[in-house]
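Me: I would like to learn how to read a few features of a protein model. Please take them one at a time.

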Amino acid sequence: QTMGQAMRMMTYPMSSNMKNTIPALQLTSSSGTVLSSSTHPLHWYRLDDGVMGGQSSTNMADHNATEITGENKKVLRFAGQINTNGGGFCSIRAALPDDTGLCFANSTTTNEEHEQVEVTGIKIRYRGDGKTYKVILSDGQRSTGGPFSRSPTWQMDLPTVDRTDDATDTTCTAMDEVILPLNRFQPSFGPRSVSEEEKAKLVLIASEQRMIGLMLSLKLSDGSSNPKETFGEGIFDFCLDVEAIEVV
């Protein structure tokens, strides 16, 4: 098993994954201001536990949601299979604008350089399968969130209701919506635990964030175990559809 994990780590196609992105969703503002990246879709790539020798895999797509919403819309479909034998996470990630991060430009200003407005939360419209996912943010550096990194990834749980059968129910909108306050995101350094004293010194700054992602993991954002009722056990499939991501 150890040899197999080592081989999977060596052959994991990280560079290929980052090059073969899927454009889906536009990061927009719900407050009437114009986000600097709103005219461009986010470009998503997958990062699974294969990078550590695991066997989980992600399939993502810019999926036609007609059978879900009854409208000719597309959603970002984050789906795949978790294998807890030697691993236990799947994720997709997308780069944020280098100039603004999670901030947006105030459209009322007449200055050539628009004023950047800090955001306080992220609004997500989604359709889940009963599992608890995580929304993740980071400064985009390769080492970020690792046990020896100075910068954490920031994570917040995204519980979902199982709506996998709602496509046949024409009275159901099939989508849920939630606002995730940025001050509720938890810092993470991977497998290393973060003390309360260390947490008190860390601050999530929206303008410094350069990556946004979605993850299904053995661990919740506070480092505790994701229960089998909201994660799964052994080998199992998952599916999360995201219709919109907005900053608020």
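**Pocket, strands and salt bridges**

Reply: The lining of the second largest pocket is made up of six nonpolar, three polar and two charged residues. Here Ala, Val, Leu, Ile, Met, Phe, Trp, Tyr, Cys and Pro count as nonpolar, Asp, Glu, Lys and Arg as charged, and the others, Gly among them, as polar. This is a predicted model, in which local features need pLDDT of at least 70 and side-chain atom pairs pLDDT 80 or more, while totals for chains, interfaces and linings use all residues. Residues are numbered from 1 along each chain as its sequence is written, and side-chain values use heavy atoms, with hydrogens and water left out.

Me: What volume does the second largest pocket have?

Reply: A pocket is an open set of points on a 1 Å grid over the protein atoms alone, where a 1.4 Å probe fits, with protein on both sides within 12 Å along at least five of seven lines; lining residues have an atom within 4 Å of a point. Points are joined across faces, edges and corners, and the volume is the space filled by probe spheres set on them. In this case it is about 170 Å³. Eleven residues line the pocket, and the closest to its centre are Ser151, Pro152, Trp154, Val203 and Glu208.

Me: Which residue of strand S12 stands opposite Trp154?

Reply: Strands are DSSP runs (E, at least two residues; helices are H or I, at least four), numbered from the N terminus. Two strands pair if DSSP finds at least two bridges between them. Strand S10 (residues 153-159) and strand S12 (residues 186-188) run antiparallel, joined by three bridges, and Trp154 stands opposite Pro187. S10 also pairs with strand S9 (residues 132-138), again antiparallel, over six bridges; there Val135 stands opposite Met156.

Me: Is S10 mostly covered or uncovered?

Reply: Buried means under 20% relative accessible area, exposed over 50%, and partly exposed in between (1.4 Å probe, protein chains only). S10 is mostly covered, with five of its seven residues buried.

Me: How many salt bridges does the structure hold?

Reply: A salt bridge is a side-chain nitrogen of Lys or Arg within 4 Å of a carboxyl oxygen of Asp or Glu. The structure holds ten. In one of them, Asp241 and Arg77 have their closest N and O atoms 2.7 Å apart. Asp241 lies in strand S14 (residues 235-247) and Arg77 in strand S4 (residues 74-83), 164 residues apart. Asp241 is buried, at 0% relative accessible area. Arg77, Arg127 and Asp241 are linked in a network of salt bridges.
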